[in-house]
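Subject: Structure handover

Hi,

Here is the structure I promised to pass on to you. Please open it alongside this email, and then read on for the notes.

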Amino acid sequence: MDPAPAPPPPFAVHLVTGGGSSPELSLLLRSLAASRVVALDAEWKPRRRGSPAAAAPAALGDGSTSLALEASPAPPKFPTVTLLQVACRFGDGSEGERSEVFVVDLLSVPLADLWAPLRELFERPDALKLGFRFKQDLVYLSATFSAALGCDSGFDRVEPFLDVTNIYYYLKGHDRQKKLPKETKSLATICEELLSVFLSKELQCSDWSCRPLSEGQIQYAASDAYYLLGIFDLFQKKITMEGQCSSTTELTLDRHFSPVVIECSSSGYDICSGSCLMSIVTKYSEKIILTESDAKQRTSRRKEKLKIPANAKCKDKVDCSSEWQGPPPWDPSIGGDGYPKFLCDVMIEGLAKHLRCVGIDAAIPSSRKPEPRDLLNQTYKEGRILLTRDAKLLKYQYLAGNQVYRVKSLLKHDQLAEVHKMQW
């Protein structure tokens with residue numbers, strides 16, 4: 001039985017738009033300055049190989065970037081970050097802990113209003129930053145601010161920092177002296193294992209540069225940051241129960257932390273400031289440092305070798321149109337049995353279940369991480385049409401005898417309706 005979709009997050013999401021007069025922006029800036037633990041995440045429009053650069057910096061902020069654009073007209077080397085998610089945790093010990101969750105629209109908030117507060121947060125020693133593989137986010141975020149405000153307006157470090165992947169392996173009993181596995185878990189998998197929360201990733205590849213954002217996009221983005229705090233809570237609880245928090249004396253000797261100790265509850269769960277946080281920062285935190293090489297876009301030199309079916313005809317130019325041009329392999333006019341058969345790639349595996357529920361033969365890849373050639377070979381061998389959202393696969397369409405179709409819809413029910421109404 002599949003896990004139930006996550007309910008609406010148990011918090012208010014502050015959508016930050018507009019300039020300095022925006023009350024949500026003012027609340028964000030106050031929260032950044034007061035937070036002791038901050039979870040961070042970012043979203044950008046997915047870019048395909050060979051596609052034009054992401055949204056130009058002219059669309060960022062309130063139009064104050066025109067001078068910067070005139071000075072540096074070259075397009076950004078990296079995708080432009082259009083959304084920043086921030087989950088702040090703070091408390092003074094008397095009112096307990098509070099959390100605020102923000103989704104910051106970088107296409108409407110002037111970046112000049114955010115740069116200094118973000119840089120101060122990233123480098124503030126008494127604020128622990130949380131993230132999931134955040135280095136790439138930081139590279140893209142730095143490039144976005146540099147393109148809009150000038151070369152000296154990027155970010156080059158985040159410290160102290162704690163990656164949720166490291167927390168996950170610590171909670172699973174991994175030996176800290178040994179290297180982490182190369183294939184790390186996804187955030188959705190970590191949340192499901194540790195929090196019993198199912199994070200749907202249907203909107204992960206949506207166009208984050210389109211406005212207005214849907215309510216689903218806002219909740220999706222906010223959840224990615226919010227549940228980082230929940231994972232940190234489990235880590236903090238384990239540290240407390242194992243008695244690894246510093247004493248009050250040790251705390252007062254640290255120049256970065258004020259001598260405030262929040263009394264433990266019977267479960268040892270309600271500690272986030274003072275000695276326990278200091279211990280976590282001292283023993284477990286790390287830092288992200290960007291170098292000049294990180295600012296250079298890397299290109300893959302790997303060349304994929306496709307096994308071409310015997311009856312495939314090569315063409316000089318490949319038509320990468322996503323419009324279907326039949327007939328399908330099951331068409332009786334070409335020797336088929338008249339029954340539709342599909343193969344759903346890993347990006348839309350959930351669609352296969354929906355298709356089977358309405359009586360349509362739908363399969364999933366035979367391996368967990370198939371190469372394009374594996375997908376096309378399975379498609380050709382089984383006489384199926386490959387359903388995918390990966391536009392890169394369309395360039396191999398002629399190799400599979402016109403058996404690749406790019407699904408345009410994002411949500412599973414919409415994908416089912418799209419496939420069902422196609423004239424196969």
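Below is what turned up, beginning with the chain as a whole and then going through the charged pairs, a helix, the cysteines and one arginine.

First, some housekeeping. This is a predicted model, in which local features need pLDDT of at least 70 and side-chain atom pairs count only at pLDDT 80 or more, while totals for chains, interfaces and linings use all residues. Residues are numbered from 1 along each chain as its sequence is written, and side-chain values use heavy atoms, with hydrogens and water left out.

**The chain overall**

The protein chain has 12 helices and 11 strands (DSSP runs numbered from the N terminus: helices are H or I with at least four residues, strands are E with at least two). Of its 424 residues, 44% are buried; here buried means under 20% relative accessible area, exposed over 50%, and partly exposed in between, using a 1.4 Å probe and protein chains only. Taking contacts (heavy atoms within 4.5 Å) between residues at least 6 apart in sequence, 71% join residues at least 24 apart.

**Salt bridges**

Side chains of opposite charge can pair when their charged atoms come close. There are 14 salt bridges in the structure, each being a side-chain nitrogen of Lys or Arg within 4 Å of a carboxyl oxygen of Asp or Glu.

One of them joins Lys 45 to Asp 207, at 3.9 Å from N to O. Lys 45 sits in the loop between β2 (37-44) and α2 (66-71), and Asp 207 in the loop between α6 (187-195) and α7 (215-241), so this pair ties together parts 162 residues apart in sequence. Lys 45 is partly exposed at 33% relative accessible area, and Asp 207 is partly exposed at 26%.

Another pairs Asp 294 with Lys 135, with the closest N and O atoms 3.5 Å apart. Because Asp 294 is in the loop between β7 (286-289) and β8 (341-344) while Lys 135 belongs to helix α4 (residues 134-149), parts 159 residues apart in sequence are tied together. Asp 294 is buried at 12%, whereas Lys 135 is partly exposed at 39%.

Glu 382 and Arg 384 also form a salt bridge, their closest N and O atoms being 2.6 Å apart. Here Glu 382 is partly exposed at 31% and Arg 384 is buried at 9%. Finally, Arg 119, Glu 123, Asp 156, Arg 157 and Glu 159 are linked in a salt-bridge network.

**Helix α4**

Just after α4, Gly 150 takes a positive phi of about 120 degrees.

**Cysteines**

How many disulfides does a search of the whole structure find? The search finds 0, where a disulfide is a pair of cysteine sulfur atoms within 2.5 Å. Cys 151 is exposed at 73% relative accessible area, and Cys 210 is partly exposed at 42%.

**Arg 124**

Arg 124 lies in the loop between α3 (111-123) and β5 (128-131) and is buried at 11%. A polar atom of its side chain lies 2.3 Å from the backbone oxygen of Ser 35. Beyond its neighbours within four places in sequence, Arg 124 has contacts that include Leu 32, Lys 129, Glu 159 and Pro 160.

Best wishes

How values were computed:
Polar contact = N/O pair within 3.5 Å; in protein donor to acceptor, adjacent residues only side chain to side chain.
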